[in-house]
Every structure is written in C-alpha cells, then in structure tokens.
Amino acid sequence: MTDHKRHAIVDIGSNSIRLVVFGGAPRAPATLFNEKLMAGLGRGVVPGGPLDPTARDAALAGLARFAALLRLMQPDTVRIVATAAVRMASDGAAFLDAVRALGLPAELLSGEDEAVAAGYGVIAANPAARGLVADMGGGSLELIRVDGGAVHERVSLPLGVIPVGQIRAGGTGQLKKVLRKALKPLDWLAQAEGQSLYVVGGGWRTLARVHMQGADWPLAVLGAYRFPAADARLLKAAVREAGLERLAQIPGIRPQRAVQLDDAAALLAALVREINPAAVEVSTFGLREGLLYQRLGKTERSKDPLIEGLRHAVGGQVQVADWPDAVLTWSDGAFPGEPNEQRRLRHAACLIAATGWASSPDFRAVAAEDLALHGSWVGIDATERATIAMALHVGLGGDPDAPPPLLSRLAPADALGRARSWGLALRLAQRLAGGSPQALAELPLALAADGALVLRVPPADAALVDGACERRFNRLAQALGRGARIDS
C-alpha cells in the first residue's frame, strides 16, 4: 500500500536553509515542495565565536516564513535540524531557542548524526553503493564509508566550503596541508581506495554541471552522474579558467553557487588525491533523504527505489492495476535467467508503458521515452534510463530499427539491443491480450527444449492470435535469435 503521508524537513545549514516537503512512496520519497534561503549562517564563524548578526537575522526571517508555510501545509511530520554553523557558534543554543519561538521544534544534529544521515541518504538512492560518501556543506565535510547497504566508519571535519575558502586564503598549498593532517588518523579510508567517491551537497552538484558542460553530456540529470576521479584535477583548472561570469551562464548554475565553485573544486581535487577513488558519482539524495530512510523498517528498506518510485508515479494512470506486473511475469518466459539488474529495468518499462493510453497516439513513444529519461527516479543511471527508453520507444510504436540518436549516445549497442527485444515483447503483449492480465496468464511464453520460443494457445483462446499477433511474435523470436512456434 502506498503511503500518502507528507514529511517536512527544514535543514538549517551553514550555507543555506532549506524547507523540503516529501511525499510519494516511502522508499522513494518525491519532493513536493522545495524552497531554499542562502542565509550564510556559517560566514565568518569560528569555533566558539558568535553567528554573524546579519546572517542570523536573515535566517530567522526566512524560518518565520517556513513556519507560516508549515502551519498552512500541515504535513504529517515535521523535523527541523541544524548542523555545523550552529554547532560551532557560541550563541548556537540561543539561536535554536529563537527558532523554537517561531513554532519550529529545532534540534541540533551532532557531526556523527549528520554523517550517518548523509551515508544513509546515498544508500537510499543506491543500495549497492560501495566506497566513500563525501558530504560537503557550508561549514563541515562528512566522510562516511558505505558498503553492503550499511554505514560504517565516519567522521565530521570542519572543512565545508566556507572554511575551505578561508584556508585557501592563507596561501598556496594550505588546503592540501590541512586536509592531509585531518585525514592522517583515519586509517579506515584505505578501504575505500579504488572504489567510488559519492559526492553530496549543493556545491558539488553544481560542480558536476560544469563537468557535464565540458564533456558535452546530453542528459542534464544529476543523479548517478559519474566521471573518472582523474577528472577532478582537470575540473579544478576548468573552473578557474572559466571565471564567475562564464560559470554563471551554464544552465542550472546560480550566481550564489558560482562564487563557491573554485573552493568546491579545490576541495574535491585535494580529496581525490588523498583518497584515490576510481570514480566520482553524484548523489542527489543526502542528509534529508537519509533522515527519512532511517525511519523505515527492514522490509521497506529492502524494496527497490526505482520500482517503488515508478509504482507511485504511474499508479493513477494505469487503467488495469495488475497489467504491468502481468506483462513482466508473462515476458519472463522469453527472457529466462535474466539477471535481476536487467529484469528491474524491464519491469520499469512495463510500468511506464502502461500509461501510454494517456498520451496522443502519435506521441506515446516520445512521451514515455521522456518520462524514462527525465523522470525524478533514483537507483538508476543514464545508461539504464536510455535502456528503458529504448524498450518504450519500440513497445509503444517507434521504429525498432532506428533508436533515437540520444539513446545511442547514452547506452551501448548491446543494452539497446536487449531493450529492443523487451519492447517487442511489450508490443506483442498489448496486441495479444488487450490489457487483460487473465489473457496473458492463459497464453504463456516459454522456451522449448529445442531452443524455440513457444506461445501456448489453448483452443478457447485461438481467435486471439490473429495475423498481427503472429507477425509480432515472429519478430520477437527473430530478435532473440530463436525459432518461433505456436502450440495449441
């Protein structure tokens, strides 16, 4: 059953303060509302010193607005969390009292709490994550080792983008020196060498857009965007060469973020040099999503975030509720032994294809492809998005022999060929059963001992298999490199 509750989180960070209201499937929370205030609470703060008065006033004014919005929105749960800047400030407790006076039940997260939540945020989006999570906020940098769906060793360091700027102002090589000293006692970091570095935080997400621009990447979706770790040094040079004016012209980069990119790029390059990961991967899930994930029980956590997110998104558009799962189970007969990482993509294609009726016939394939490529899904990378889109292109009427050029740029030929077969199965299912799960159950697909693809048709259903069904069945078998036989 889908949870229709709304969960609000106010994240009082050192750089920005954000109100996010989540809804949708518990395992794949969808953002219903997202508002950010660049208050800069961590600006000029030193451990034991007070918050900047101007930033403090701006923060409280913005939080008053958030309090009013929450009063009107009435979400089911509300959580207000403060992080590094408030932890460090001498007047942090007084600031939290002022926030509570606005009707917001603020709590202070420890560095440990912040690190654990960030780690689980990455795991929420990518259950197979293995390596090091690096969450760069305005005031702190959390490093967390993740593996096997669990958070392991972690640390919170005062190396957010604001203090990094202050360190670098002290002269060339200072950041490298400070970072190396901070990491030296952390012998567990060696376990993440050669694995992935999962970067979290607005500064690094914005930095990834610079990399996308330089790589001429055709899909402007940040989640699971990945590049070789060696590119971090080149990215640092590219940011410096571009300058603020050109950086701010890149789509998706706001001027407030552009001014911090030089420091963000310097920290990433220095961290990569010390950690030696194989690749850098962007996670759009972080602390807030991690806080939600920690609320879930073991059963809910074990669910696939891609499939759960899609189920919720398309649930109201599927005319026959059981149809997507029926098509998946029926088409299993043509793809026996298919690895789970491929079957889940075929499942995703079945879910999206079931909404095709809602689009004009001339645009069904295009609309479905766009949803696969640009939907707010997690647990999926660009290649997998393109693979699903190819199945939908074929399954909803596109030319099976002419994949859209964008898909060929994002996915290798073997993945698109596999998806082409999935799409042909979708086409056959729709023609054969007309949206009836019962009809599919009575007309199973299977592989015979001689390797042929067999469609079993009981005498009572013989009239369902017309010439068009036969042609589609034969084309599916041909795509799979198999003979075709219809048994009654």
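Strand β9 (residues 196-200) is largely enclosed by the rest of the structure, because five of its five residues are buried (under 20% relative accessible area with a 1.4 Å probe, protein chains only). Ser196, Tyr198 and Val200 point one way from β9, while Leu197 and Val199 point the other way, and all are buried. The model is a predicted one, in which local features need pLDDT of at least 70 and side-chain atom pairs count only at pLDDT 80 or more. Residues are numbered from 1 along each chain as its sequence is written, and side-chain values use heavy atoms.

Strands here are DSSP runs of E of at least two residues, and helices are runs of H or I of at least four, numbered from the N terminus; two strands pair if DSSP finds at least two bridges between them. Strand β6 (residues 131-136) runs parallel to β9, joined to it by five bridges, and Val133 has Tyr198 of β9 as its bridge partner. Four bridges link β9 to strand β11 (residues 279-282), again in the parallel sense, where Glu281 is the bridge partner of Tyr198.

Turning to another sheet, five strands form an open arrangement in the order β3-β2-β1-β4-β5, with mixed pairing. Since β3 (28-37) and β5 (106-108) stand at the edges with a single partner strand each, one side of each is left without a neighbour in the sheet. Within it, β1 (residues 7-12) and β4 (residues 77-82) pair in the parallel sense over six bridges, and Ile12 stands opposite Ala82 in β4.

Conventions
Buried < 20%, exposed > 50% of the residue type's maximum accessible area, 1.4 Å probe, protein only.
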